[in-house]
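Open the model and keep the sequence beside it.

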Amino acid sequence: MTGSNAETAAGFAVYGSDQGGPFVLVSDHAGRAVPPELGDLGVSAEERARHIGWDIGIDGVGRHLAACLPAVLIEQVYSRLVIDCNRAPGHPTSIVTVSDGTPVPANKGLTPEQIAARHDAILHPYHARITQELDARVQAGRPTVVVALHSFTPEMRGFKRPWHAGILHNHDSRLAHIMLELLRREGLTVGDNEPYALTDTSDYTIPLHGEKRQLPHLEIEIRQDLITEEAGQKEWAARLARLLPEAWAQF
Ligand SMILES: [Zn+2]
């Protein structure tokens with residue numbers, strides 16, 4: 001699941017077609033590819049397959065969702081261990097040297113040139129593609145909702161996370177509150193800014209493409225054990241395909 005050569009060359013993959021729908025789906029952490037010149041980053045394949053390498057299961061959820069909805073999905077194809085596309089350039093956890101206890105030797109002691117090369121090859125093309133999508137829609141006067149898809153590990157530092165999903169929000173919580181309520185009505189345990197809170201510094205994608213542009217937005221986190229297999233991915237995609245239009249209608 002490392003993406004086609006064309007996708008890894010571009011730094012992103014695009015799925016679905018919007019057919020006039022309002023949703024633009026983005027997956028910052030769906031990818032697992034590593035540029036060939038970085039080898040294996042000095043991290044074993046087993047470690048890279050853990051949650052530190054990517055958002056387990058969110059690729060399947062996003063692609064099924066893009067197929068169920070009229071919506072475009074823009075997916076990052078590189079591992080977050082190469083560079084985290086939900087961090088601003090230069091953020092302390094943009095290119096991590098240790099993640100959840102696992103050292104990433106290839107990220108140690110990088111020169112400014114090496115860091116700039118990762119920005120130019122991976123971070124900037126991905127965000128430029130999202131910007132291009134949003135610009136075109138805004139210019140055409142089309143209603144647009146940015147939906148960021150993520151997944152979270154069921155257990156962190158010994159704490160078993162009770163939430164099935166989480167909705168993260170900060171400056172504009174209108175759509176988040178509607179979606180929280182809709183998900184809770186399904187009988188799910190849904191975190192309100194849990195397991196993470198959306199902030200100006202810990203996130204990049206929603207602050208940049210949603211808040212700064214004043215576009216309605218959602219950041220959705222799904223617990224990884226629910227979407228590890230395709231059946232769970234399809235179940236969550238079907239749920240979101242049903243609830244997103246409902247949330248938008250209530251907005
Ligand atoms: Zn994520």
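Pro-195 is found in the loop between β10 and α6 (205–211). Helices (H or I, at least four residues) and strands (E, at least two) are DSSP runs, numbered from the N terminus. A cis peptide bond joins Glu-194 to Pro-195, with omega at about 0 degrees. Most residues other than glycine have a negative phi, and most peptide bonds are trans.

A word on what you are looking at. This is a predicted model: local features need pLDDT of at least 70, side-chain atom pairs count only at pLDDT 80 or more, and totals for chains, interfaces and linings use all residues. Residues are numbered from 1 along each chain as its sequence is written.

Leu-41 sits in the loop between β2 (23–27) and α2 (45–48). Its phi is near 70 degrees, a positive value in a residue other than glycine. Arg-157 lies in the loop between β7 (155–156) and β8 (159–160). Phi of Arg-157 is near 50 degrees, again positive in a residue other than glycine.

Leu-41 has 19 C-beta neighbours inside 10 Å, so Leu-41 counts as partly exposed. Arg-157 has 6 C-beta neighbours inside 10 Å and therefore counts as exposed.

Now move to Pro-216, in the loop between α6 and β11. Pro-216 counts as buried because it has 20 C-beta neighbours inside 10 Å. Which residues does Pro-216 contact, leaving aside its neighbours within four places in sequence? They are Val-145, Leu-175 and Phe-251. Two residues are in contact if their C-beta atoms, placed from the backbone, lie within 7 Å. Asp-172 is 44 residues from Pro-216 in sequence and 7.7 Å from it in space, C-alpha to C-alpha.

Follow α7 (residues 230–250) to its packing with α3 (residues 58–68). Two packed helices are described by the angle between their axes and the distance between the axes. Here the angle is about 45 degrees and the axes are 8 Å apart. Axes are lines fitted to C-alpha atoms, for helices over the stretch in contact, and angles run from 0 to 180 degrees between N-to-C directions. Therefore α3 and α7 are oblique to each other (under 35 degrees is roughly parallel, over 145 roughly antiparallel, 65 to 115 roughly perpendicular, and the rest oblique). From α3, the contact uses Gly-60, Val-61, His-64, Leu-65 and Cys-68. Their partners in α7 include Trp-236, Ala-237 and Leu-240.

Step back to the whole protein. It has seven helices and 11 strands. Its radius of gyration is 17 Å, close to the 18 Å that the globule rule gives for 251 residues, so the protein is as compact as a globular protein of that length. That radius is taken over C-alpha atoms, and the rule is 2.2 Å times the number of residues to the power 0.38. Of the 251 residues, 44% count as buried.

How values were computed
A residue is buried if 20 or more other C-beta atoms lie within 10 Å of its own, exposed if 12 or fewer, and partly exposed in between; C-beta atoms are placed from the backbone.
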